[in-house]
Each structure stands twice: as structure tokens, then as C-alpha cells.
Amino acid sequence: LKALSPFGDVVLAYEMNDELLPRDHGYPLRVIVPGYAAVRNVKWVSKLELSEEMATGAWQRGLNYKVLPPSVTDANEVDLDEMPGLAEVSVFSGITNASRV
């Protein structure tokens, strides 16, 4: 699990720009997992539960976050439960400097 790896770089964010995390961005706590689709960066965390299985919610198991092979021309013809979920992706941004002013 990336969250348990000493090199996983998972962040539990409670502040943004030296202020408490705004509600729109996940107050009181948001999980940031670099390299994973944003849908995996859970907002409004009130409890942490580690699991080796993918979450059961529609956002995690629905068509929007599935990786379909190029040969698929009609998503209605595949069993979504058999398709892998979108997990690791290229990093789109990064923290280049962090300091308190």
C-alpha cells in the first residue's frame, strides 16, 4: 500500500496557504496521494480505514474511472467489475518549495 510506504509521499492536509483547509477543498482533512487520480484524494476525512480492496462506491467502480482496452468500442459490452480501476497516473503538479513565512 502506497499509504504505508516510507516513500509513498501521502499527505494528510489540514492547511492550505497557512490557513485551515477550506470546506470546498476538504476541511477538516484531505488525503493527497501523488500519482493517483484526484478522485482517490478523498476530501472531508473523518475516519481512516486501510483496505487491500478498491472502495465500493460508484465513483471508484463506475465507468468514469475504469481503464478500458483500446479494442473496446462500446462500454456497454464489457463487464465493468472485470476492468481495472484507474489508479496511478502521471503527476500534474508538484510542491516545489514549502516554508512558513
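Trainee: In which loop does Asn17 lie?

Mentor: This is a predicted model, in which local features need pLDDT of at least 70, side-chain atom pairs count only at pLDDT 80 or more, and totals for chains, interfaces and linings use all residues. Residues are numbered from 1 along each chain as its sequence is written, and side-chain values use heavy atoms, with hydrogens and water left out. Helices (H or I, at least four residues) and strands (E, at least two) are DSSP runs, numbered from the N terminus. With the elements named in that way, Asn17 lies in the loop between strand 2 (15–16) and strand 3.

Trainee: Is Asn17 buried or exposed?

Mentor: Buried means under 20% relative accessible area, exposed over 50%, and partly exposed in between, with a 1.4 Å probe and protein chains only. Because its relative accessibility is 69%, Asn17 counts as exposed.

Trainee: What is the phi of Asp18, and where does Asp18 lie?

Mentor: Asp18 is in the loop between strand 2 and strand 3, and at 46% relative accessibility it counts as partly exposed. Asp18 is not a glycine, although its phi is positive, at about 65°. Asn17, also a residue other than glycine, has a positive phi as well, near 55°. For Asp18, then, the place is the loop between strand 2 and strand 3, and the phi is about 65°.

Trainee: Which residues make the nonpolar surface patch of about 340 Å²?

Mentor: Like charges are joined within 9 Å, and nonpolar side chains (Val, Leu, Ile, Met, Phe, Trp, Tyr) within 5 Å, while accessible areas come from the Shrake-Rupley method with a 1.4 Å probe, and for residues only the protein chains shown count as cover. One of the members, Leu20, sits in strand 3 (residues 19–20) and is exposed, with a relative accessible area of 57%. The patch is made by Tyr14, Leu20 and Tyr27.

Trainee: What kind of peptide bond joins Tyr27 and Pro28?

Mentor: Pro28 lies in the loop between strand 3 and strand 4. Omega for the bond between Tyr27 and Pro28 is about 10°, and the bond is cis.

Trainee: In what order do the elements of the protein chain run?

Mentor: The protein chain has one helix and four strands. Read from the N terminus on, the order is β-β-β-β-α.

Key:
Patch = residues over 30% accessible without salt bridge, like charges linked within 9 Å, V, L, I, M, F, W, Y side chains within 5 Å. Salt bridge = Lys/Arg side-chain N within 4 Å of Asp/Glu carboxyl O.
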